[in-house]
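Dear colleague,

Please find below the structure that I am handing over to you, together with its sequence. My findings follow directly after it.

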Amino acid sequence: MITAYPGLVSCDEVTYLRSMLPAYNFRKLPEKMMKNISNPGKMYEYLGHRRCIMFGKRHLARERNKNHPLLDREKELEAFQMAQQKCLHQKKGQAVLYEGGKGYGKSQLLAEINFLAQKEGHRVLPLKLKEADFKQCFYAIQTLMAIFFEIDACPAYYRQECLHKQLRGMVEEPLHCLFNDLFFVKFPLSFKVSHMDDLTRQKKVKACFFQVLQEAVRETPLIFLIDEAQYMDAASWEFLETLLSTVPIIMVMTLTSTFTLCGCAQHFLQSSQAVLVPIWKLATTSLLRMACWELGVVSIPQELQIYLLHRCFGNPLYCEVLCQDLLSKDVLLFHDLQKEEKNSKWETLSASAMKSTMYGILPAGSEEDQELYICTVKDDVNLDTVLLPPLLKEVAINQLDQLSPEEQLLIKCAAVIGHSFRIDLLQHLLPGWNKNKLLQVLRALVDIHVLCWFSKSQELPAKSILVPSSVKIIEQTKEQKKKKSEADSPLSLQEELYLPQTEMLEFGVPLLREAAWELWPKAQQIALHLECACFLQDLACRCQSCHGGDFVPFHRFAICSTKSCSGISRFCSYKDTGSVLTQVITDKLQLPSPQDSFQFQTKPFRSQEAFTSEHRRTEEEFLDQVNRKLAQTSPKKDMLTTKPCHCEEILQLVLSPLTQHCLVIGETTCAFYYLLEAAAASLDLSDNYMAFFYLRKASSLLGQPSAFSFLKKHKVKICQFEEATFCCLRSEVCFNMGQITLAKKLARQALRLLKRNFPWTWFGVFFQTFLEKYWRSCSLSQPPNNPSENSKKKLAVLQQRVHCLSLLWQLYNLDTTASSRRFACLATLMQKNSAEEFANEAQVVSTYVAVSQFSQNMGDRDRWLQCEQMAIQKSSLCWFSREGLLATAQLMQALAYTKLCLGHLDFSIKLGFQAHEICRHLKKPALENLVLSVLFRSAFLKKKFDLCVHVLESQWALISQGHDVLNLACFYSACLDLLLYGKGLLCRPFGECLHFIQHCEHSCILNSQSNVMLGVHSSLAMWFAQDSQWNLFEHHFSKARQLVKRTNASLFGSHGFVRFLECHVLMLQKMPEGVFMHTPPETRSQTLKYCEEFFSRCVTCPVYHQWVSELKASVMRCGKRESMSSTNIVRPFDTSFTRIWIEGEFLEENNSFGRNLGIQRFDRVADVKEDKDEEEIKECIC
């Protein structure tokens, strides 16, 4: 049969009968003589299941989902709407062809167009073609006309009658038989048709179609929707081209970009009435919104976002399949958004961590009674190792098979490294390849867009940092050490530690990296991950701009002796028998000794007397030095232009992959080390959620904690310092999430592990305070005993103690009770003593700045300015390191804050600009946001509203991507101030501000921030009072009244108190009687009591004193409520504000006020004038 019927799938009659398939799947073949077979019988050709004697039916590949609106396709829909308008006005046919890759949403777009067209009353003929349809002549038009005549879905026995009704009146009766073969009907053959040849019949059929369609469009606009139009036959393309030029009809088609079109199709595309619209991949935000809809949530965690973005590359089909795969594998947990969970354990904080980062992307149109959910990834799930679903893996394998063997090998090695990889690390995994061969294959892969250069154009520093580095993963064998020590000189060792400058590449095709990684056998996969870990471990430290070192200060020094004494942690032995890439023998995890090439520049110890006897640096000298440094233009001297920070790139491209490599090879001890480093780096970059993500991974390595402390046994053996660091980092993360109780517990636990207890009772506080004031002062005068190896370990412990104590006073400072205040005061005292024991200028300056801030919040006037002056005196050496530069920025911010509180607004603005310039270079978002907040408040009180708008725009660019709810609350609070007093200027509309507050006011983060929320609710109450919406005024005013007792003397607290007093005055003057339904109205005496309370509490914020004095005088002038006349209503906050601005400064020379202040005021005022507003605005924008 093969020789008789070559190239055909043929069978005999027995097989034909037993197949039980429809007859139209076969075609009878002519009889032929076969060798050694006298009577072969009937033979049939199998045409396949897709071969159908009937025409197709109306349908599209996708149906429109009303719950999932079309994303990021506005321009594509606009092209269709423009074609509609042209067809309507010009009476000419229009064709819109959407071209894009597979899975880009072309079918979904057609479904949306189908819905919109039918909604407008158009008649739509939808059709989806298949690959087999390309071989059938005129199949597309045959099916479209069958749909047009509505005979595609009717029974066979009724088809002829239905067609006859459609043709009556439009086509002559004798010509009906022309459609017999086309639509499988049996009209009687007419004499006229019987004398036509085949070509004449085809032309007549087409003419009839044109006539019928021409008549149809006169009644109703007609639209052809053709999905997968690249499978359309040439005859159909030719017919549509003629139809387009003769009939005013709209054609919408989709094409797959990788398919080669026939000549007729290309000629059709060249028509002036055809428009080719490319379909691009979805934008990142649109893809994530689609994932939320697929999962039925309003937000997804950041690790899941990375998982989807790295695998989908904007392909909506891949996103849909991956989301369904995650749901089927049950790796996600769903949480009710409205339910505020009270967490007392670290293990149950996933939902709270998610909620703390997602308020900025809530759906604006969500109803109050609608159930909203968020999802988190289960703790024991590693998304990096989740296998691809079979459908997507098959697609990726097909892509991989199209590459050459060398390209496949390179892709498989790069897949082990990660989504982004370094060329030198790839060279390390391919030792048999020379540099030229590697670059040649890489260039070929880049040309076909399988790989692409790293999109952010970010490179790691060219040199490996030496001081102090991180954990050594590989220790060479003793024989290799001996050979190396004999052969290598110190110069060659130094050259080997410095890595050449390299480029970064990343995968440019979705799913390819994941599929290639799965193809490795388990043993070779582990061996390659081990090689990657060995390569990256020397880069796992701070960048060169930060002078190296661990992200957890002195981490490696603190754990060095513990690891070496308790037994060397080993990588398991892997014997690679089948790979030509690498052969790994027994390698060990050996921490470097302190005598290695890592250097630590220790400062000579200075006693407390040395600090006090040195030259006392004045504020003027400090600011003069700052001005000189900022004015330097030489690149060799300018600290702000020579060395930008690369720590963020190191976190993304070194630390994060390194933790994954260690987890895959099973080296959990090393993985725990780098997870702590990654968490510390994330906190340093103000990314609290990713810090929580890394710490949660570290928690899963340690295992579930025991209910009894004496039964606690971790899966991974860690030293006491690492356990304390783990608690300290978790405490900071909990503090940022608003979990105050748990944060205090973890900070105390960390201090206990660092051998520094914090008392629980008031008697313990009293006794510990006595010890800190007297016993600790005596011990600081004694020099340390051994400043060598043990001092480095002690520095690590001291640094963590300072950090824990700083967290404790900030935590207790949130509560205004007397007990909490005593605990906070003790924590600041212990922090100051520990910092001075540290004997590091930058750390001491940062500590004094923090203590000064705390003293201002507590209303301690003397200590506030004294600590600030101490910070200035000890800041002489802070410009010689990045840590010192950070301390300088903190001090600049503190000075700007102080000048604002004291009323020197011009000087505060100038200092704010300088501090902002330093912060931008340091890449410290949290500090930069704080500087901008102070700068806004100074500009606002100075009535420089244009500058306020630019400051808020800079602040929005800084915080909008992070979705930090506290920073957003401060931002919207400032926007409300601008709306109330900004003379028409606004940065964000009031509806957006109100929407944010309504959705996040119950957040545990904002519940702990009474100072901020007092200003927010008071401003909202004032806004509603202006519109006489007294029910809404009552709602927010009652909340502000509950918060006012929980605030302190900080800038935010004082500002909120002033807003609250303004609400009181406004209520006394304008509110009608009997408006309050749930709360009793305030009386004049109560308002005066609040004014007195403000003066007694906010002693350290005199910038508002004159303002409150005006409010108090306004209340006293009002008299009793009954005697007030509606015609004499005065807005005291307007008059007082105006008077303050006219005065020029908020502090007037008032003897009584000076006696109340009782402190030496700063006399220096910056030489900044009103006519320099534009220069200041430009400087702020830059």
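A salt bridge is taken here to be a side-chain nitrogen of Lys or Arg within 4 Å of a carboxyl oxygen of Asp or Glu. Please note that this is a predicted model.

Overall picture

The protein has 1182 residues, of which 55% count as buried. Its secondary structure consists of 50 helices and 13 strands. Among the contacts with a separation of 6 or more, 76% are between residues 24 or more positions apart. The accessible surface comes to about 54100 Å², and carbon and sulfur atoms contribute 53% of that area.

Individual salt bridges

Glu303 pairs with Arg696 in a salt bridge, with 3.0 Å between the closest N and O atoms. This pair links distant parts of the chain, since Glu303 belongs to helix H12 (residues 302-312) and Arg696 to helix H28 (residues 688-702), 393 residues apart. Both Glu303 and Arg696 are buried.

Glu1001 and Lys1039 also meet through their side chains in a salt bridge, at 2.7 Å from N to O. Here too distant parts of the chain are linked: Glu1001 is in the loop between helix H41 (990-1000) and helix H42 (1004-1007), while Lys1039 is in helix H44 (residues 1030-1043), 38 residues apart. Glu1001 counts as buried because its relative accessibility is 14%, the limit for that class being under 20%.

A further salt bridge joins the side chains of Arg988 and Glu992, at 3.3 Å from N to O. Arg988, at 17% relative accessibility, counts as buried, whereas Glu992, with a relative accessible area of 27%, is partly exposed.

Two buried polar residues

Ser236 lies in helix H9 (residues 234-246). Its relative accessibility is 0%, and it therefore counts as buried. The side chain of Ser236 makes a polar contact with the side chain of Asp233 at 2.8 Å. Apart from neighbours within four places in sequence, Ser236 is in contact with Phe138, Tyr139, Ala140 and Ile141.

Arg159 is part of helix H5 (residues 156-167). With 7% relative accessibility, Arg159 counts as buried. Its side chain reaches the backbone oxygen of Phe184 at 3.0 Å. Arg159 is 13 residues from Ala146 in sequence, and the C-alpha atoms of the two are 10.0 Å apart in space.

Helix H22 (residues 522-536) has 15 residues and extends 21 Å from its first C-alpha to its last, close to the 21 Å expected at 1.5 Å a residue. Of the 15 residues of H22, 13 are buried, so this helix is largely enclosed by the rest of the structure.

Helix H38 (residues 925-941) has 17 residues and spans 24 Å between its first and last C-alpha, close to the expected 24 Å at 1.5 Å a residue. H38 is mostly covered, as 14 of its 17 residues are buried. Just after H38, Lys943 takes a positive phi of about 65°.

Positive phi values in loops

Phe313 is a residue other than glycine with a positive phi, near 55°. Phe313 is located in the loop between H12 and helix H13 (316-329). At 15% relative accessibility, Phe313 counts as buried.

His449 is not a glycine either, yet its phi is positive, at about 65°. The loop that holds His449 runs between helix H18 (435-447) and strand E12 (451-453). His449 is exposed, its relative accessible area being 59%.

A nonpolar surface patch

Which residues form a nonpolar patch on the surface? The patch is made of Trp762, Phe763, Phe766 and Phe767, which together have about 540 Å² of accessible area. Trp762 lies in helix H31 (residues 762-780), and at 60% relative accessibility it counts as exposed. On the geometry of such a segment, an α-helix has 3.6 residues a turn, so residues three or four places apart point the same way.

Yours sincerely

Key:
Residues are numbered from 1 along each chain as its sequence is written. This is a predicted model: local features need pLDDT of at least 70, side-chain atom pairs count only at pLDDT 80 or more; totals for chains, interfaces and linings use all residues. Side-chain values use heavy atoms; hydrogens and water are left out. Helices (H or I, at least four residues) and strands (E, at least two) are DSSP runs, numbered from the N terminus. Buried means under 20% relative accessible area, exposed over 50%, partly exposed in between (1.4 Å probe, protein chains only). A polar contact is a pair of N or O atoms within 3.5 Å; within protein, one must be able to donate a hydrogen and the other to accept it, and residues adjacent in sequence count only if both atoms are side-chain atoms. Contact means heavy atoms within 4.5 Å. Accessible areas come from the Shrake-Rupley method with a 1.4 Å probe; for residues, only the protein chains shown count as cover. Patches are made of residues with over 30% relative accessible area and no salt bridge: like charges are joined within 9 Å, nonpolar side chains (Val, Leu, Ile, Met, Phe, Trp, Tyr) within 5 Å. The expected span of a helix is 1.5 Å times one less than its number of residues.
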